[in-house]
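Please look at the model on the screen while I speak.

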Amino acid sequence: MTDKYNAPEIEKKWQQKWADDKLYEVKEDSKKPKWYALTMFPYTSGDLHIGHWYAMAPSDVFARFKRMQGYNVLHPMGFDAFGLPAENAAIKKGIHPYKWTMANIDNMRKQLKSMGAIYDWSREVITCDPEYYKWTQWFFLKLYEHDLAYRSKSPVNWCPQCQVVLANEQVENGLCWRCETPVIKRDLEQWLFRITKYADELMEHEGIDWTERVKIMQRNWVGKSYGTEISFGLDQPSVSEKEIKVFTTRPDTVFGVTFMVLAPEHPLVAKLTAPDKKVEVEAYIARTRRFTEIERLSTEKEKDGIFIGAYCINRLTGDKVPIWIADYVLGSYGTGAVMAVPAHDERDFAFAKKYKIPIKVVIASPEWKGEELKNAYIEDGTMVNSGQFSGLPNQEGIKAVTTYLEQKGWGKGTISYRMRDWLISRQRYWGTPIPIVYCEKCGTVPIPEKDLPVLLPEEAEFRPTGESPLKYNEKFINTKCPKCGGPAKRETDTLDGFLCSCWYFLRYCSPHYDKAAFDTETIKYWMPVDIYTGGAEHAVMHLLYARFFTKAIRDMGLIDFGEPFKKLFNQGTIILHHQKMSKSKGNVVNPDEYVKELGVDTVRAYMMFMGPWEQGGEWFDTGISGVSRWLNRVWNLVLEGYQSNTNNSETTRELERFTHQTIKRITNDTDRLRFNTMIAGLMEYTNYLNKVKENGSVTASDWKKSIETLIILLAPTAPHLAEELWQKTGHKYSIHNQSWPEWDEELAKEEEITLVVQVNGKLRDRISVPASTTEVEATRIAAGSTRVEPYLTGKEVVKTIYVDGKLVNIVVK
C-alpha cells in the first residue's frame, strides 16, 4: 500500500537535508554560463504575507528551471533593514529599532526558508549591519568626491506625521508614501544627489528588456521638454540680480506677456517685494505652505495671487511687466518663474480676467478680426502684434524668436526636466549616518575612509515628537575634525534608505569582502542581473535610483556597465474578496496556515496557477484545495506501481509524442514566465498518464521514462515532492542536480491522417488533419473546405456521418 503524502513532514526533511549539504551554495564557475536571478529584497516589517510569497515563489521556480538547464544560478536573499517603521515602533512600543529589526529578520528568515527556495543564505546581506553600511557611506563619499553629492538649503517635502523629509518620488498625490499624511513644505539644509546629471540617460532603456509600463513611468518622471530660456530684465538698485529667467515651450508668444508670476518660494520674492506689500506677501506665502503641490496645481482650485509691487522688463517689447506671486507656480518646476501670456494660456487667461490684467493677442486664428477673446486661443496660427515676426506661422516663429534671443544674448534654446535632484537627507535615527563633519575652521569635511563606518550610537532616546535622537546625542555629535584636529560636529541626518537598495545587488556578488564594497572579479562574472522581479510601484523610486547609481559608479571607473538589470518583470497583485490585501482591512492571507495544513509545494503551485503572474488574481480556498488534490494524484500515480497488460505500438508512439509535446510546452511556458499555463500543462500530463496507467498499454520501461519526465518537470514548482518521489523511485540524490529534459521536434509533431470528405456520398475533398482531431473538429474542418462549400450553399444539412479517423459524409437536401 502506498504511503500517504505527508507534505509538511516531507518538506521539513528535505529542507534540512539541502541546508546540511549546502546544495544551493553557489561559487563562480567559468565552465558554466551564469544566471543572476534576483527578487527585490523585503523590508523587515516582521511577517511575510502572501504578497511576498507571490513575488518570491514564482521567481524561485524560474531560478530552479535555469539551474536545471545548466546555468550557474545566483539567487540570493537579504533584508532592506533601515527605515521609518522601525523607528515608529521604537516610539510606540519602547523597543530599540535594532532589536525590533533583528527580531523581524529572524522571523522572516525562518519563513523564507520554509518556502523551499534555492536562496544561497551564505550570501545574505542586511543593510543595517555595519559590515554593509560602511560601504554605503563609502559610496556617499565617492559621490561627494565626484561632485554628485552636495548640500543646499531649499524647500523640502515634510511629512508632519513621520517628522521626516521626503524625496519628490516619495510624495504620492500630495501624500506621504508611507502614512498618507498630506505633505507640506519646509526650508531646510539638505543633502542631495545630482541625479539630474543623468536625466538623458535615464530616459533611455537601450539594450534592456523592461516592461513598457515602467519605461513610460520613468520617462514621464524625468519629463524632458525642449524649449527656450528667456531672460527678463531687472532694474532695481537694491537687488544684485539683473534678470529673471523663465523656461517656455512657447517663445512665439513672448510679445504677449502682460505679467510675470513667481513661485511663492522663489528666492527673489523677498528681495523684490515692495515695502508696502511685505505683510500681505508674507501672509500669502505662509498660507501657500499649507497646501500640497497637488492641491496647488489642481484644475478645480481657483487661481489666486498677489502683486508684489515690482516689475521686470520684456526686452523684446521694452514693456514694464508687473511681477506677481501665485501658488500655481512651483519653485521645484522649471525656473520657478512663468511668463504669463493670458491670450494663449487658459490658466493665465483666468488669472488675468480675475485681476483685470491686460490680455494681448499675439497668435491669431484665421477667423480673428481683432475682437476681444472670450477664451484663450491655444491653437496654431499667425503671429500678430509681434514686431518683426508678425505674419510668421507661429511654429516657424518658435525657431525664429529663439534664434533672435540667442543673437541678442537674451535667451537660448534649451532643455528642461521635470525631475529634480534626489534629496537624500532624513531627520531620523534609524538609517545610515552621513559621514560628514562640520568644522568652524575647515567647513564641511568628509570622514576619511579609514575611519568608516561611522556607527549609529546604541544610546537613543526616542521622543513622541518624532525628532531624531541623534540631534540630542552629544557623544555622537561632538567629535574632532579629521582635517585640523579641532572641534567639529557630526551631521545628524541619516541617508535615505533607498541608497542602501541602490547597490545591494552588487554586494551579493561578494557579501563578506572586506577590502572594498565588492570584489571586481566577482562583479565581472555575475553582473548585470539577468532578471529582476518585483512590483511596478518602484518604477520612479528604487528602480530609477538604482539605474542612476549604477551609471554614476560606472563613470567613476568602479564597474564597466551602465544598466544593473537586463530584464525586469513586474508581478501582479493577489486580491481577496475583490480587494487589495491590507492589514487595516483585515483581509490579509497568512501563508503559514496553508503551509502547515497543505504544504509548501501546494501553496507555491496554487499561486502560479491562479492567473498570469503579471496580472495577479483572486485568492480562493477552493482553488488551493484543487491544487492539493492534484499533487496527491501525482504522488499516487508515481508510487502505486504500474502493471503492463500489453505493448501497443500506437499507444507507445502516442505516449512518446505527448511526452515530448509536454516537455516543449512546459519549457516554453516557464521560459516566458507563463506559470499558470505551465501548471495547467503539468496537470494535463498527469491526467494523460493516469489514462495510460489504467490501460496498461505501454511497456514498464516506457512508463518509467514518462514518470521520470513528470517528476523532473515538476521539480522547480514542487521541489520537495519531486525530491521525495525521485528518491522513492530509486534515483540518485538530488533531482535538483538533474538536467532539464529536451524535446525532439520530430517526435513532438502530431501524426496526420487523410480525412475523406463526401457530400451525399460523393467524394469532394481529401484533407490532412492531426490524428487527434475529434468528430466535432473534423466536421467543422470538412464543412469549411473551399472545395466542399459550393455543395453546401443553399442546402439544408440533414445529418453528418463520421467514421473515426477516416471519413466525414455530409448529407444535404
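Predicted model: local features only at pLDDT ≥ 70, side-chain atom pairs only at ≥ 80, totals over all residues.

Residues are numbered from 1 along each chain as its sequence is written, and side-chain values use heavy atoms, with hydrogens and water left out.

Let us begin with helix H1. Helices are DSSP runs of H or I with at least four residues, strands are runs of E with at least two, and both are numbered from the N terminus. H1 covers residues 7-21, which is 15 residues, and reaches 21 Å from its first C-alpha to its last, close to the 21 Å expected at 1.5 Å a residue. That expected span is 1.5 Å times one less than the number of residues.

Which residues of H1 are buried? They are Ala-7, Ile-10, Glu-11, Trp-14 and Trp-18. Buried means under 20% relative accessible area, exposed means over 50%, and partly exposed lies in between, using a 1.4 Å probe and protein chains only. Seen down the axis of H1, the buried residues fall within an arc of 95°, so they line one face of the helix. The arc is that of the directions from the helix axis to the C-beta atoms. On the face turned away from this buried side, H1 carries the exposed residues Glu-9, Lys-12 and Asp-20. The cover over the buried residues of H1 includes helix H2 (50-68), helix H18 (591-598) and helix H24 (719-728).

Consider next the ends of H1. At its start, a side-chain oxygen of Asn-6 comes to within 3.3 Å of the backbone nitrogen of Glu-9. Just after the helix, Lys-22 takes a positive phi of about 50°.

I turn now to two single residues. Lys-66 lies in helix H2, and is buried, with a relative accessible area of 6%. Leaving aside neighbours within four places in sequence, Lys-66 is in contact (heavy atoms within 4.5 Å) with Trp-35, Tyr-71, Val-73 and Asp-671.

Phe-505 belongs to helix H15, residues 504-507. Is Phe-505 buried or exposed? Phe-505 is buried, because its relative accessible area is 0%. Not counting residues up to four places away in sequence, Phe-505 touches several residues, among them Tyr-36, Leu-38, Met-527 and Phe-565.

Finally, the aromatic rings. How many aromatic pairs does a search of the whole structure find? The search finds 50. Rings of Phe, Tyr and Trp (its six-membered ring) pair if their centres lie within 6.5 Å; planes under 30 degrees apart count as stacked, over 60 as edge-to-face and the rest as tilted. Tyr-404 and Trp-410 form an edge-to-face pair, 6.3 Å centre to centre with 80° between the planes. The pair of Tyr-642 and Trp-703 is stacked, because the ring centres are 4.6 Å apart and the planes are at 10°. This pair links distant parts of the chain, with Tyr-642 in the loop between helix H20 (621-639) and helix H21 (649-671), and Trp-703 in helix H23, 61 residues apart.

Terms used: Polar contact = N/O pair within 3.5 Å; in protein donor to acceptor, adjacent residues only side chain to side chain.
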